[in-house]
Amino acid sequence: MPRTARKKSSESMYHVMNRSISEVDLFQADEDKEYYLSLLARYTEKFSCSIYAYCLMDNHVHLYINPNGFDISRFMHCLNSAYVGYFNRKYMRHGHLFQGRFASNIINTDVYSLSIVAYIHNNPRDIKGYSGREEDYIYSSYGIYIGKREDARGIVDKDFILD
């Protein structure tokens, strides 16, 4: 049976979730998360997309993205392909790293938008030592929003959410 077509629109914003295959963590070291963020910055600039929130966990990623008319599937294909190439070279492996295609939901209301940002920023609460201190997790945009740290790569467009 064919898979369901992804709901897309040139005006849509998306909550994107991407999970690794079950036997391999997506990020083996902090260096891997740093590299993923550098790729995110590169492709966000290249395709003129806006990232409103992100969180990188060991086995999955959450992004709140506005592709600004660009095809979300093409953006994610470029991002994911570049990361998988890096990961497979670094860890001397081959094959798939992501569990199927990325999942995405269209964000179509202000309430949903704020809920998604809160959901993404709450992800680190499940990491030992971060419950109640989610803003300290440096692989989430939460600390950037509350002024705890700078957005050194210029990834996050805070104005949309804060407005």
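**Tour: cysteines, then the sheet**

A disulfide here is a pair of cysteine sulfur atoms within 2.5 Å. This is a predicted model, in which local features need pLDDT of at least 70, side-chain atom pairs count only at pLDDT 80 or more, and totals for chains, interfaces and linings use all residues. Residues are numbered from 1 along each chain as its sequence is written, and side-chain values use heavy atoms, leaving out hydrogens and water.

Stay on Cys-55, which counts as buried because its relative accessibility is 0% (buried: under 20% relative accessible area; exposed: over 50%; partly exposed: in between; 1.4 Å probe, protein chains only).

Next, select Cys-78. Its sulfur is 9.9 Å from that of Cys-49, the closest cysteine sulfur, again too far for a bond. Cys-78 is also buried, at 18% relative accessibility. Searching the whole structure gives zero disulfides.

Now show the strands (DSSP runs of E, at least two residues, numbered from the N terminus, as are helices, H or I, at least four). Four of them make an open, antiparallel sheet ordered S2-S3-S1-S4; pairing requires at least two DSSP bridges. S2 (50-56) and S4 (103-107) are the edges, each with a single partner strand, so one side of each has no neighbour in the sheet.

In the sheet, select S1 (residues 13-19) and S3 (residues 60-66), an antiparallel pair with six bridges. Asn-18 is opposite Val-61 in S3.

Finish with helix H3 (residues 110-122), which packs on the sheet and touches S1, S2, S3 and S4 (contact: heavy atoms within 4.5 Å).

Key:
Axes are lines fitted to C-alpha atoms, for helices over the stretch in contact, and angles run from 0 to 180 degrees between N-to-C directions.
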